[in-house]
Amino acid sequence: MAEGARPVFAAERRQRILELVRANGAVSLRDLARAVGSSEVTVRRDVRILEAEGLLDRHHGGATLPGELSREPTYSQKAQLADAEKLVIADLAASLVEDGDAIAVGAGTTTQAFARRLTRYAELAVVTNSLLVAQALADCPRIEVVMTGGTLRGSIHALVGSPAEHSLAGLRVRRAFVSGNGLTAERGLSTPNLQVASVDRAIVRAAEDVVVLADHTKIGIDTMVRTVPTEEITHLVTDDGAPTEVLDDLASRGVRLHVARR
């Protein structure tokens, strides 16, 4: 009887994995293992089976739905993922800012959390295309917020398009703080949307250093449009759930790692 029950449990576990990936778009092996109460080895085997059946795509350190490379999660969907990790990443990333800095901050839930940590600085100039970042700093009289122009992309509360890119063209800042939907050592930072990627590239071009903020659910995940090649990333701020092998690969390519611990 015990032997007969085992395949049922495996089938239920794989169904739960599918539900998690469908709900979140991209999920790391670690989070899947925690959610279903199994080891990462077991979950990795399940993911291989589900991939063979055409039900999901397997990536280094995680899984996505087929066609997920071009899917852009909404702000509300992203806000529910890795909330605690984003907070510790924001704390650590804020230590890379100094009073008197001029910085650029891209769109995203992690950069929103980061912006909230900037209120303790006495003097900053912050360039952003994110309504959420601007809102987080709106009540700080000693922080000058410069917003790009552009067309509102409501799903991520950010301005995109050629006006946004043109407004960044003549600027120079010390550091750019950007996020995305995936980060791999081979390809760098990526996002599913061409317009979002174009503005992020313009933000990066305006900066001397590039700081990527990415929680563990994004490490090892690839999406459709590359935003920042690995060789252009100066710093990565992530959490201690990120797969070590990917971090080691990034470090070997010259990225300085800052790992926040919960």
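Reader: At roughly what angle do the axes of helix α2 and helix α3 cross, and within what distance do they come?

Author: Two packed helices are described by the angle between their axes and the distance between the axes. In this predicted model, the axes of helix α2, residues 29-36, and helix α3, residues 40-52, cross at roughly 105 degrees and come within 9 Å. Angles of 65 to 115 degrees count as roughly perpendicular, and α2 and α3 are therefore roughly perpendicular to each other.

Reader: Which residues of α2 and α3 meet?

Author: On the side of α2 the contact is made by Leu 29, Arg 30, Leu 32, Ala 33 and Val 36, and these meet Glu 40, Val 43, Arg 44 and Val 47 of α3.

Reader: Which residues of α2 are buried, and what follows the helix?

Author: An α-helix has 3.6 residues a turn, so residues three or four places apart point the same way. In α2 the buried residues are Leu 29, Asp 31, Leu 32, Ala 33 and Val 36. After α2 comes Gly 37, which has a positive phi, near 70 degrees.

Reader: Let us turn to the aromatic residues. How many aromatic pairs does a search of the whole structure find?

Author: A pair of aromatic rings is described by the distance of the centres and the angle of the planes. The search of the whole structure finds 1 aromatic pair. Its members are Phe 114 and Phe 177, which are stacked, with 4.4 Å from centre to centre and 25 degrees between the planes. This pair links distant parts of the chain, since Phe 114 belongs to helix α6 (residues 109-117) and Phe 177 to strand β9 (residues 173-178), 63 residues apart.

Reader: Are Phe 114 and Phe 177 buried or exposed, and how many residues of α6 are buried?

Author: Both Phe 114 and Phe 177 are buried. Helix α6 is itself mostly covered, with 8 of its 9 residues buried; among them are Thr 109, Gln 112, Phe 114 and Arg 117.

Reader: In what order do the 7 strands of the open sheet lie, and is the pairing parallel or antiparallel?

Author: Reading across the sheet, the order is β6-β5-β4-β9-β12-β14-β15, and the pairing is parallel. The edges are formed by β6 (143-147) and β15 (256-260), each of which pairs on one side only. From one strand to the next the twist averages 20 degrees.

Reader: Where is Ser 167, and which residues beyond its neighbours within four places in sequence is Ser 167 in contact with?

Author: Ser 167 lies in helix α8, residues 162-169, and is partly exposed, with a relative accessible area of 32%. With its neighbours within four places in sequence left aside, Ser 167 is in contact with Thr 148 and Gly 149. Its C-alpha atom is separated by 9.1 Å from that of Ala 202, 35 residues apart along the chain.

Reader: In which helix is Asp 248?

Author: Asp 248 has its place in helix α10, residues 244-252, and is partly exposed, with a relative accessible area of 48%. The C-alpha atoms of Asp 248 and Ala 185 are separated by 9.0 Å, although the two residues are 63 residues apart along the chain.

Reader: How many helices and strands does the chain come to, and what share of its residues is buried?

Author: The secondary structure comes to 10 helices and 15 strands, and buried residues make up 53% of the 262 residues in the chain. Of the contacts with a separation of 6 or more, 63% are accounted for by residues 24 or more positions apart.

Notes: Residues are numbered from 1 along each chain as its sequence is written. This is a predicted model: local features need pLDDT of at least 70, side-chain atom pairs count only at pLDDT 80 or more; totals for chains, interfaces and linings use all residues. Side-chain values use heavy atoms; hydrogens and water are left out. Rings of Phe, Tyr and Trp (its six-membered ring) pair if their centres lie within 6.5 Å; planes under 30 degrees apart count as stacked, over 60 as edge-to-face and the rest as tilted. Helices (H or I, at least four residues) and strands (E, at least two) are DSSP runs, numbered from the N terminus. Buried means under 20% relative accessible area, exposed over 50%, partly exposed in between (1.4 Å probe, protein chains only). Two strands pair if DSSP finds at least two bridges between them. Axes are lines fitted to C-alpha atoms, for helices over the stretch in contact, and angles run from 0 to 180 degrees between N-to-C directions. Angles under 35 degrees count as roughly parallel, over 145 as roughly antiparallel, 65 to 115 as roughly perpendicular and the rest as oblique. Contact means heavy atoms within 4.5 Å.
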